[in-house]
Amino acid sequence: MNQQKIGEFLKYLRKNKGLTQEQLAEHFCVSSRTVSRWENGNNMPDINILIELADFYEVDIRELIDGERKSENMDK
């Protein structure tokens, strides 16, 4: 698991949704500093928040863990 890559992907997803770190932090009841640490690869969200992030961004949990989008046919 590459925390730096995951952080960059989380940042990409947040920006793609047009949210600030503060807005995302408020949604998940964490501090904006926590979101910053996730996105810088200094810290990882716990598994419960990872699942919520996957749902929120409408991506597969495996995509978050890998830090990149997979093809549409990844399960085939």
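## The end of helix α4

Just after α4, glutamate 58 adopts a positive phi of about 55 degrees. The model described here is predicted.

Helix α4 spans residues 47-57, and its buried residues are Ile49, Leu50, Leu53, Ala54, Phe56 and Tyr57. Viewed down the helix axis, these buried residues fall within an arc of 165 degrees, so they line one face of α4. An α-helix has 3.6 residues a turn, so residues three or four places apart point the same way.

The face turned away from the buried side carries Ile47, Asn48 and Asp55, which are exposed. The cover over the buried residues of α4 includes α1 (3-16), α2 (21-27), α3 and α5.

## The nonpolar core

The largest nonpolar core comprises 17 residues, and Leu53, Tyr57 and Leu64 are those with the most contacts inside it. Two or more residues each are given to this core by α1, α2, α3 and α4. Helix α4 supplies the largest share, six residues. In soluble globular proteins, nonpolar side chains tend to be buried together.

Leaving out residues up to four places away in sequence, leucine 64 touches Ile6, Phe9, Leu10, Leu13, Leu50, Leu53, Ala54 and Val59. Of these contacts, Leu50, Leu53 and Ala54 are among the buried residues of α4.

Glutamate 39 belongs to helix α3 (residues 32-39). Glutamate 39 counts as buried because its relative accessibility is 6%, under the 20% cut-off. Its side chain makes a polar contact of 2.5 Å with the side chain of arginine 14. Apart from neighbours within four places in sequence, glutamate 39 is in contact with Gly7, Glu8, Leu10, Lys11, Arg14 and Gln21.

Glutamate 63, in helix α5 (residues 61-66), is also buried, yet it has no salt bridge. The nearest side chain of opposite charge is that of arginine 69, 4.5 Å away, whereas a salt bridge requires a separation within 4 Å. The side chain of glutamate 63 instead reaches the backbone nitrogen of lysine 70 at 2.9 Å. Not counting residues up to four places away in sequence, glutamate 63 touches Phe9, Glu68, Arg69 and Lys70.

Methods: Residues are numbered from 1 along each chain as its sequence is written. This is a predicted model: local features need pLDDT of at least 70, side-chain atom pairs count only at pLDDT 80 or more; totals for chains, interfaces and linings use all residues. Side-chain values use heavy atoms; hydrogens and water are left out. Helices (H or I, at least four residues) and strands (E, at least two) are DSSP runs, numbered from the N terminus. Buried means under 20% relative accessible area, exposed over 50%, partly exposed in between (1.4 Å probe, protein chains only). Lys and Arg count as positive and Asp and Glu as negative; His and the chain ends are not counted. A polar contact is a pair of N or O atoms within 3.5 Å; within protein, one must be able to donate a hydrogen and the other to accept it, and residues adjacent in sequence count only if both atoms are side-chain atoms. Contact means heavy atoms within 4.5 Å. The arc is that of the directions from the helix axis to the C-beta atoms. A nonpolar core is a set of buried Ala, Val, Leu, Ile, Met, Phe, Trp, Tyr and Cys residues joined through side-chain atoms within 4.5 Å.
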